[in-house]
Amino acid sequence: MRTIKFFTLAVLFISILSCSDDNDDAPFLVIESETISNLHAPQSGGQGSGEDISGAFTKFSFSTGQATTSETEWDIAFRGTSIILNGGTSLGTTDEPDRTGEASGYIADSTLGGITKVNTALLKEDSDKGYVITGWYTYSGPPKHVITPTPGKVLVIKTHDGKYAKVEILSYYKDAPENPDGLTDESRYFTFKYVYQPNEGITTF
Amino acid sequence: MSLNKNNILIFFLFFFSCLLFSQEKNTIIQDSTKTEKLEDVIITATRTKRQLSSLPLPALLISKKEIHSINSLRLNDILNEQTGLITVPDFGGGEGIQLQGLDAQYTLILIDGVPLIGRSAGTLDISRITVGNIKQIEIVKGASSSLYGSDALGGVINIITENPKNGFNADLNSRSGSFGTYDNSMNLGYKKEKMSITSFINGFQSGGYDLNTEDELKTVEPYSNYTFNTKLDFNFNDKTNLFISGRYYTQNQDYVASENLKGESKINEWNTHLKLSHTYNKKWSSYFEFYATRYKANEFLNNPDNSRFSETDFNQLLIRPEARGIYIPSEKSTFIGGLGWNHETLIRTDFSSQPEFNSPYIYLQYDTNPNDKLNIILGARFDNHNKYKSQFSPKTALRYELSNKIAVKGSVGYGFKAPDFRQLYFDFSNAIVGYTVLGYNAVTTKLPEMEDEGQIANIIVPLSEFEDELNPENSVSINIGIDYTLYSNLKFNLNIFRNNIHDLIDTRVVANKINGQNVFSYYNVHKVYTQGVELNTLWKPATNIKISGGYQLLFAKDTAAEDAFKNGNVYARLTPSSSSFQLKEQDYFGLYNRSRHMANFKIFYTVEKWHLDANIRGTYRSKYGLYDTNGNSYLDTYDEFIKGYSIWDFAINKTFFKNYQLGLGIDNVLGFTDTQNISNISGRIFYGKLNINF
């Protein structure tokens, strides 16, 4: 009796394994978890200079896991503390790229691991009224003037081509110093951790 | 500095030579300090004379003797050593007092029963007040708006100035110490039968100090100030008395904003106080009081070529006539009632208008002893106001003697703080960054103007929200205490307090500007509470030794923050490279700049045959946070804290030839400083003092 039971279980197990192996038309891709360090996102003007903020946004693609200069194949882009998504419409600031994709997003109060499923009802696109990704940092004011990515803010993002990613920004300063000083440390260097779900239509991580 | 050291050396030599010299004679000099003091009397708690020991409210009295023996100069020196009180530096450079965990703006400061003004950024700088002519300092804890109206949320500190003794009397007092500090004062008094007159002059100089020598700026720039006070007291007959007091204060300080921007800041303040008292019979007496005070602060910065870079003015005026009546129907009860009117104006840079406050008020208090053991106080005050919501402030207090040794007391009171002129009328646009701050009452007129000028991108808070009047910040405070006299020379007293503060005023964004910046205004939002326990012990093991200890446990929290932690909405991360994690309820530390534990310990020792007294005093405050360091905008246990610290002071005074007193001391013996975080602790201070009585 016992051997038969074991045998059936073994057969079942093998067949499950072989099933996934055989399914060639829709390969199930592995979820990618990465940390990007020192993504430089400079800006010109602003901050009391009397001039409008300008300069190219630094674009990033989750599928390649790298910065890109492509005008269409990008998901998220950074310029100073501004973060835009490749979807919706432009706010119209100087040098802001046009949106070509269908990217959208929201900010969730959670840990990165705590986001297991995208709440698609919350997804919003950038518009001429404002960006979707705001309020991701805390500004300390004097004396140190530090910009700290607010702990517990997770950027949940639908990419330009309809996949999902979740992002936790860790630092705004070069080499993510332990105790940054807003006046002396080099800023506009993003360090962030993200999890990318490369499978089309899957909203879980 | 070198001059300063020499001075101390001279004091030192003088002191010891006198010590040696006078020792031989000591035996013949009659002791003058032995006379037992009468029961301490306090006037602030009820506005009538009351025995401190029978009072149903938590109160504290600091005597002239204590002020002299510790060689205090300014009010902040002496208040810092009291249980539950701590002075905290303000960003404007002043020092305010934190009481029962409430911010400096919530304690009313009075001189001879009338308020000081000049809270340009909310805090009243108490280092402005010299202690040279003080008879006693009275501190009443707990909301006291039922008698005093606005600002008395945390409590009231009343400085009672000295009156002359019979005949002509004078004293000179001089102290110099480290950091180029010189303090000189002179008291002249004359009293004969019906009249007394007294004049006081104080000059104070500080060379300032620099805790961080790396930058161009000093922590405190050099400054000097002068206080003049003249009082006249005239008894027309046994029943009618006239009191007139005039005070003038002026301060000059270098103002350095950067290497290139230098200027000066000036404060000028005057107070006039006139009081006519009349006793009709055993039951009735009345007081007519007129008080006027002006506080002016000006500062400017010049460019290197001496052209003007900036200039700001602050000019506040308060006029207050008040009539008071006291009715004593029987030995057991006292009624006191008052009727008055506050008129206040302010001229200030960056204001939308020149505002004027008018606020008539009325109050009544009933103080009764139904029997020998029970004392009840019931009181209430109504403040009408033309610019914000009128306030009704009741208070009740009770004390019951369980036995000769134990008494219990409790009080519940309401306190409020009127919105200040800034919160109502500010109209300030930052020329460099481009944001705008509007006072609550300025929004409805100013915002449409800005919209017409095309400055506004969109309005976030509808104008209709500014139609109602702004609420004053207000609190309900509860104090429950026990006085326990174990032996006549050993006393304990315990007080449990809770202050529920509502409608705290904060700023929020009301509109976006087209330049990408925001328009801010004020609104009622926060609810915070402070609660804790205060314990005081006084022990006199011998007639010439007094040992006292005090401790305060404090929890000061924002209720919205508490909820955020409870609901799991607050996160932290340990290092910039690690992921964030959720914080628990117990991770919330509380409000900024509050220490959970504060304590003090003092020993006063007198050697009568040498006419010498010495004391050692220590204060401790446990760790506290000044700002959020991990980006979640709350102060939690994972933030960086300022370490707890203690400060020890030592003083020794010697009287010789009856009228001369020399003193030496070291404040902050261990030389504690925290150059990064604590700007009002300069370091170790050596000083010498000479006091001459005529």
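Two strands count as paired if DSSP finds at least two bridges between them, and a strand is a DSSP run of E with at least two residues, just as a helix is a run of H or I with at least four, both numbered from the N terminus. Welcome to a predicted model, in which local features need pLDDT of at least 70 and side-chain atom pairs count only at pLDDT 80 or more, while totals for chains, interfaces and linings use all residues. Residues are numbered from 1 along each chain as its sequence is written, chains are lettered from A and ligands numbered from 1 in the order in which they are written, and side-chain values use heavy atoms, leaving out hydrogens and water.

**View 1. Strands β15(B) and β16(B) run antiparallel.** Here 18 bridges link β15 (residues 262–279) to β16 (residues 284–302) in chain B. Look for B:Gly263, whose bridge partner in β16(B) is B:Leu301.

View 2. Within it, B:Glu289 has B:Glu322 in β17(B) as its bridge partner. The hairpin has 5 residues between its strands, and B:Asn306 in the turn shows a positive phi of about 70 degrees.

**View 3. An open sheet of 5 strands sits in chain B.** Its order is β3-β8-β9-β6-β7, and the pairing is mixed. At the edges are β3 (59–63) and β7 (114–115) of chain B, each pairing on one side only.

**View 4. Strands β6(B) and β7(B) pair antiparallel.** Strand β6 (residues 107–111) of chain B meets β7(B) over 2 bridges. B:Leu110 has B:Pro115 in β7(B) as its bridge partner.
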